[in-house]
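Look at the sequence and the structure together before reading on.

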Amino acid sequence: MISQAIKINNLTCSYSNKIILKNISFTVENGNFTAICGPNGVGKTTIIKYLVKELNTKSSSIFLFDKDINQIKQKDLPKYISYVGQNDFNKYSFTVKELIEMGKYGNNESKISTDEAIQIVDISHLKNKFINSISSGEIQLAQIARAVCQDAKIMILDEPISNLDPYHQIKIMEILRALNKNNKTIICVLHDLNIVLKYCPYCLLLKNGNIFKNGKTEDVLKPNNISNVYNINCEIFKTNHGQLQLAFYNNQC
Amino acid sequence: MKKKELLFFIICVSSSVIALLISISIGTTKINIINIIKNIFNNFTVDEIDLYIIKSIRIPRALCAMLCGGILSVSGLCFQTVFKNPLADSYVLGISSGASFSVSLGLLLGLSINSVYSLPVIAFTGSLATSFLLFFNGKKNINSMLLFGIAINFFLSACTSLFIFLGKKQVQFVIYWTMGSLSSSSYLKAAIFTILSVFILLFLLRRNKKMDLLLLNETTAFSLGINANKERLLLLIVSSLTTSVIVAYCGVIGFIGLMCPHITRKFLGPKHKPLIICSFPLGALILQISDIISRIVIPNSELPIGIITSIIGAPIFFSLLLKRKSTIYD
């Protein structure tokens, strides 16, 4: 069995003379739940765009399950990667069910039916509602159900809980944790470092287009690393429930 | 097809057939509809002159109106999908103006564009150049695309007016042409439009699911297996091609491409399969009604059809926008 779901080797990217990614290399093991963190504009979304082939690299620097991404046709990509973006909806009003069915368009080998995806994400009450009539949190749940229905090996989420209330934030992270327990490789761009500490066992911390630190979350999200990357002061402590928690203090931004 | 979609389709197609018969019967010489129907089954119920009018003038014209309306409608749908904007249309985006611009420029430069083939080639060049200009601007920021298109529309229309002014007689026919007309319809044109209709319908129906995905976030579309940029470009080329052929032969007919997909979407939702199937007959129906009105509104004369489509289209469009909250689809 191939252990590496994603392998990136010396990936460099620049837009109009500005270098976004500088020779970055990292691997994501199959079945891991990895957070990608870093300040705004550091290149997190750019990495995702390379992974879904929205941006292309001529060199062989990205591998999905040991296969060069350049050898994978766009139409076959949905078997490898599903994607959920931030506020990922449009002004055209599909029903939730229609949206979830779109997961099947990409991967007709998916073994998860629309109804199963609806059950996994627990949104049967939203099934026949129109996307533009439900809340942002519910839209995000519908998008995750679409990605579940796609049944790709890796699920990538770009800031899936930004602008959501705490209930939906926790609900979404719990769903992702449950999916990960069923051996789904999950990569999630997140800004809330406490959420990362609670839910993501692995973390990739980016700074100025470089990988600052990569590894187990408790090793990566140390106060000195956070201070170095985000330029803010913080301390880490254990709550009564044994949960690691970051507290930010004396920050004059 | 769902029941609702089937009902919508049947209503549009049957109304379109009725409009076709009315279109054949109405004109300076009024010919009874029943006689026309009888004539279809029995050759001897209409006198020879009427038969000549029906066969040589009215049938090709009614067919051209029907097919042009359908093509403009699905092309409009294409533009709306490409630019993810329900206000996008060849007329609004300046793509029709691009065709008028190139034709009037061609005339001014003394090019021979009277043949059935050279006119669409020149019109296509203009509309495609405008489409590319829009696409490469819209790719960076799709929201500014509409404003960019409106600006292009104004600029090219101004240039066309300038060419008409400078070119005097040889460019004069462009004035009439920019208002749209079906008066020069023929069986050859009807045949060209039939081929075009079959082509665009098959082309769009084949990629209806991809068109659905284009309405999602760009990165999501890529992750679902389509190269969104390539798909948009392909759809843009095809819709520009079909629009430019219509513009070349019938002039600029506005609002059909904007209004028909919008009405269909209001009733059937944003999924492309029913939208493609049903917006074609709706476009056919509305252009035929417009053609009938353009022929009867001034006795013994004819108004340019573009004026009628705009006069019918604008209030329908306004009413739909005002009713927006009470309808189920946006």
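How many residues lie between β1(A) and β2(A) in the hairpin that they form, and which residue in the turn has a positive phi? The hairpin of β1(A) and β2(A) has 2 residues between its strands, and Ser16(A) in the turn has a positive phi of about 30 degrees. The model is predicted, and the values given here are computed from it.

## The hairpin and its sheet

Strand β1 of chain A runs over residues 4–15 and pairs with β2(A) in the antiparallel sense, over 8 bridges. Two of the facing pairs can be found by number. Ser14(A) has Ile19(A) in β2(A) as its bridge partner, and Ile8(A) stands opposite Phe26(A) of β2(A).

Strands of a sheet pair through backbone hydrogen bonds, and the pairing may be parallel or antiparallel.

## A parallel pair

Chain A also has parallel pairing. Strand β6(A) and strand β7 (residues 154–158) of chain A pair in the parallel sense, over 4 bridges. Val84(A) stands opposite Leu157(A) in β7(A).

Do the side chains of strand β6 (residues 81–84) of chain A point one way or the other way, and are they buried or exposed? Ile81(A) and Tyr83(A) point one way, whereas Ser82(A) and Val84(A) point the other way. Residues on both sides of β6(A) are buried: Ile81(A) and Tyr83(A), and also Ser82(A) and Val84(A).

Most residues other than glycine have a negative phi. Two loop residues of chain A can be set beside that rule.

Asp66(A) is not a glycine, yet its phi is positive, near 70 degrees. Asp66(A) is found in the loop between β4 (62–64) and β5 of chain A. Its relative accessible area is 52%, so Asp66(A) is exposed, the cut-off for exposed being over 50%.

Asn208(A), not a glycine either, has a positive phi of about 45 degrees. The loop that holds Asn208(A) is between β9 (202–207) and β10 (210–216) of chain A. At a relative accessibility of 52%, Asn208(A) counts as exposed.

## Chain A as a whole

The secondary structure of chain A comes to 8 helices and 12 strands. The radius of gyration of chain A is 18 Å, close to the 18 Å given by the globule rule for 253 residues, so chain A is as compact as a globular protein of that length. Along the principal axes, its C-alpha trace spans about 50 × 45 × 40 Å.

Of the 253 residues in chain A, 53% are buried. Among the contacts in chain A with a separation of 6 or more, 62% are between residues 24 or more positions apart. The accessible surface of chain A is about 11,500 Å², and 44% of this belongs to carbon and sulfur atoms. Chain A has 29 positive and 22 negative charges, whose mean positions are 5 Å apart.

## Chain B as a whole

How many helices and how many strands are there in chain B? The secondary structure of chain B comes to 14 helices and 0 strands. Its radius of gyration is 20 Å, close to the 20 Å that the globule rule gives for 330 residues, so chain B is as compact as a globular protein of that length. The C-alpha atoms of chain B fill a box of roughly 65 × 55 × 35 Å along the principal axes.

In chain B, 55% of the 330 residues count as buried. Residues 24 or more positions apart make up 77% of the chain B contacts that have a separation of 6 or more. The accessible surface of chain B is about 14,400 Å², with 71% belonging to carbon and sulfur atoms. Chain B carries 28 positive and 11 negative side chains, and 8 Å separates the centres of the two sets.

## One residue in chain B

Ile36(B) lies in helix α2 (residues 33–41) of chain B. Its relative accessibility is 5%, so Ile36(B) counts as buried, the cut-off for buried being under 20%. Ser25(B) is 11 residues from Ile36(B) along the chain, and the C-alpha atoms of the two are separated by 7.4 Å.

How values were computed:
Residues numbered from 1 in each chain as written. Chains lettered and ligands numbered in written order. Predicted model: local features only at pLDDT ≥ 70, side-chain atom pairs only at ≥ 80, totals over all residues. Heavy atoms only, no water. Rg over C-alpha atoms; globule rule 2.2 N^0.38 Å. Buried < 20%, exposed > 50% of the residue type's maximum accessible area, 1.4 Å probe, protein only. Contact = heavy atoms within 4.5 Å. Areas by Shrake-Rupley, 256 points an atom, 1.4 Å probe, with all protein chains shown as cover. Lys, Arg positive; Asp, Glu negative; His and termini not counted. Charge placed at Lys NZ, Arg CZ, Asp CG, Glu CD. Pairing = 2+ DSSP bridges.
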